[in-house]
Amino acid sequence: MSVGELACTYAALVLHDDGIAVTAEKIATLVKAANLTVESYWPSLFAKLCEKKNIEDLIMNVGSGGGAAVSVSAPAGGASGGAAAAAAPAAEEKKEEAKEESDDDMGFSLFD
């Protein structure tokens, strides 16, 4: 993690902890008060993140990793069968996307 990321992370957490709205200007002010220099885009990126995500949720889910795999079971009734059938291909697509991002596709591995 770069100094800019870390400084903006701490600034956003300080603002949130004090109950102050997290904005790019306030993050930049806190970073400047700490005698740090960061690239100009970091405060705005962190402010946008804090607008879209609940900081409490981010704090509580720090070590949780990614999302868990969702298992789809076929319902007993015939009326809901179409919904289960539509959900099953979505789960398969999710697996294929993760496979595309492996290190093998990049031409190197841990043992090269």
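Author: Let us begin with a cysteine: the sulfur of Cys 50 lies 9.9 Å from the closest cysteine sulfur, which belongs to Cys 8, and that is too far for a bond. A disulfide is counted here when a pair of cysteine sulfur atoms lies within 2.5 Å. This is a predicted model, in which local features need pLDDT of at least 70, side-chain atom pairs count only at pLDDT 80 or more, and totals for chains, interfaces and linings use all residues. Residues are numbered from 1 along each chain as its sequence is written, and side-chain values use heavy atoms, with hydrogens and water left out.

Reader: How many disulfides does the structure hold?

Author: A disulfide is a covalent bond between the sulfur atoms of two cysteines. Cys 8 is in no disulfide, and the cysteine sulfur nearest to its own, that of Cys 50, is 9.9 Å away. For the structure, the number of disulfides is zero.

Reader: Does Cys 8 count as buried or exposed?

Author: The classes rest on relative accessible area, where buried means under 20%, exposed over 50%, and partly exposed in between, with a 1.4 Å probe and protein chains only. Cys 50, at 17% relative accessibility, counts as buried. Because its relative accessibility is 0%, Cys 8 counts as buried.

Reader: How many residues does the largest nonpolar core have, and how many of them come from H1?

Author: A nonpolar core is a set of buried Ala, Val, Leu, Ile, Met, Phe, Trp, Tyr and Cys residues joined through side-chain atoms within 4.5 Å. The largest such core has 13 residues, and those with the most contacts inside it are Cys 8, Ala 12, Val 22, Ile 27, Val 31, Phe 46 and Cys 50. Helix H1 (3-17), helix H2 (24-33) and helix H3 (41-52) each supply at least two residues of this core. The largest share comes from H1, and that share is five residues.

Reader: How far apart in space are Glu 5 and Leu 45?

Author: Glu 5 has a relative accessible area of 25%, so this residue is partly exposed. Along the sequence, Glu 5 and Leu 45 are 40 residues apart. In space, C-alpha to C-alpha, their separation is 9.6 Å.

Reader: What separates the C-alpha atoms of Val 3 and Leu 36?

Author: Val 3 lies in helix H1 and is exposed, with a relative accessible area of 55%. Leaving aside neighbours within four places in sequence, Val 3 is in contact with Leu 36 and Val 38. Although Val 3 and Leu 36 are 33 residues apart along the chain, their C-alpha atoms are separated by 8.5 Å.

Reader: Which residues is Ala 24 in contact with, beyond its neighbours within four places in sequence?

Author: Ala 24 lies in helix H2. Its C-alpha atom is 9.1 Å from that of Tyr 41, a residue 17 places away in sequence. Beyond the neighbours left aside, Ala 24 is in contact with Pro 43, Ser 44 and Ala 47.

Reader: In which loop does Asn 35 lie?

Author: Asn 35 has a phi near 60°, a positive value in a residue other than glycine. With 70% relative accessibility, Asn 35 counts as exposed. Its place is the loop between H2 and H3.

Reader: How many helices and how many strands does the protein chain have?

Author: Helices (H or I, at least four residues) and strands (E, at least two) are DSSP runs, numbered from the N terminus. Read along the sequence, the protein chain follows the pattern α-α-α-α-α. The count is five helices and zero strands.

Reader: What percentage of the residues in the protein chain is buried?

Author: The protein chain has 112 residues. Of these, the buried residues make up 14%.

Terms used: Contact = heavy atoms within 4.5 Å.
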